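This report considers aromatic contacts and sheet architecture in turn. The structure to which it refers is shown below.

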Amino acid sequence: MNIAVISRGENLYSTQSLLKAGLARDHEMEVLEPSNCTLAIEGGKPTLYYCDEIVDDLHAVIPRIGASNTEFGSSLVRHFQSMGVFCVAEADPILRSRNKWTSFQILAQAAIPLPKTFLGNAFSEEHMLDQMGKAPVIIKLLEGTHGQGVILAETYKSALSIIETLNASRVKFVVQEFIAESNGTDLRAIVVDGKVVAAMKRASKNGDFRSNLHRGGSSEIITLSQQEELIAIKAAKALQLGVCGVDILQSSRGPLVLEINSTPGLEGIETTTKVNISEKIIQYIERNKPTSFK
């Protein structure tokens with residue numbers, strides 16, 4: 001098959017890993033830089049140009065859409081969908097997963113356990129904080145990634161000040177309970193085609209509460225409990241993502257889903273677990289090859 005990775009970073013680990021996995025299974029692989037794509041409707045049909053050449057021979061695409069390029073990236077993915085190209089992650093699930101509040105609403109509807117969370121534009125900031133209980137609390141921008149836009153407010157006064165500032169600036173955010181017993185750790189599970197294919201435990205570096213590897217956190221391989229695995233699979237299904245990363249907190253009342261990532265980084269988890277996740281993604285494409293591929 002002809003498979004393209006949609007990526008703004010051809011030399012990034014995740015992009016290169018996917019290219020190598022596809023080539024190893026005898027597929028034609030290429031990288032499409034979104035800024036070089038021109039979307040059009042011609043003769044009533046969707047058309048796509050890469051630089052000045054028409055693109056009409058792809059069977060599947062693997063979106064690696066960064067947070068800063070969500071709007072155009074998701075539009076590009078939707079264009080491929082309209083052309084009958086199989087997309088590892090479709091446009092609407094990407095958009096839903098990128099907005100933290102939207103994803104929480106969908107997960108709650110599917111009865112998936114979550115930390116207590118409030119949308120930031122409450123009628124009363126004081127009432128919202130009272131309902132959260134004692135400080136500290138976590139304040140998150142709706143579209144932050146890699147731990148960016150995540151604030152730990154350690155006192156009631158600091159939380160109130162931050163919330164009032166964000167509301168005055170018209171910044172969208174959520175307020176979430178702080179799970180102290182997780183002790184700066186979380187679990188990252190990679191779900192591919194309804195199965196957990198790899199999992200690791202991440203721990204924050206000293207002085208930080210965020211466990212993201214991009215922020216200097218450490219990781220170790222872990223075997224999920226049956227409950228943790230089922231929750232990860234259920235979360236991916238709720239957001240209709242064939243491939244995603246599910247972040248889980250271990251709390252005193254059981255596992256809680258912290259976040260869903262439609263474009264999970266592969267370097268940390270492939271290095272930690274030694275699992276070739278890219279190959280699992282290519283195999284997922286093979287099982288869902290479009291009818292246009294003979």
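## Aromatic pair

In this predicted model, a search of the whole structure finds one aromatic pair. The ring centres of F86 and Y284 lie 5.6 Å apart and the ring planes meet at 75 degrees, so the arrangement is edge-to-face; the cut-off for that class is over 60 degrees.

F86 belongs to strand 7 (residues 86–87) and Y284 to helix 9 (residues 277–287), so the pair ties together parts that are 198 residues apart in sequence. With a relative accessibility of 17%, F86 counts as buried. Y284, at 9% relative accessibility, likewise counts as buried. Buried here means under 20%.

Four strands form an open sheet in the order 8-11-9-10, and their pairing is antiparallel. Strand 8 (117–119) and strand 10 (150–153) are the edge strands, each pairing on one side only. From one strand to the next, the twist averages 25 degrees.

Strand 9 (residues 137–141) and strand 10 run antiparallel and are joined by four bridges. Within this pairing, I138 has L152 of strand 10 as its bridge partner.

## Helices on the sheet

Helix 4 (residues 100–109) packs on the sheet, where it touches strand 8, strand 9 and strand 11 (173–177). The direction of helix 4 makes about 125 degrees with that of strand 8.

Helix 6 (residues 156–168) lies across strand 9, strand 10 and strand 11. Relative to strand 9, helix 6 runs at about 15 degrees.

Terms used: Residues numbered from 1 in each chain as written. Predicted model: local features only at pLDDT ≥ 70, side-chain atom pairs only at ≥ 80, totals over all residues. Heavy atoms only, no water. Pairing = 2+ DSSP bridges. Helix = DSSP H or I, 4+ residues; strand = E, 2+ residues; numbered from the N terminus. Axes fitted to C-alpha atoms, helices over the stretch in contact; angles between N-to-C directions. Contact = heavy atoms within 4.5 Å. Phe/Tyr/Trp six-rings, centres within 6.5 Å; stacked < 30°, edge-to-face > 60°. Buried < 20%, exposed > 50% of the residue type's maximum accessible area, 1.4 Å probe, protein only.
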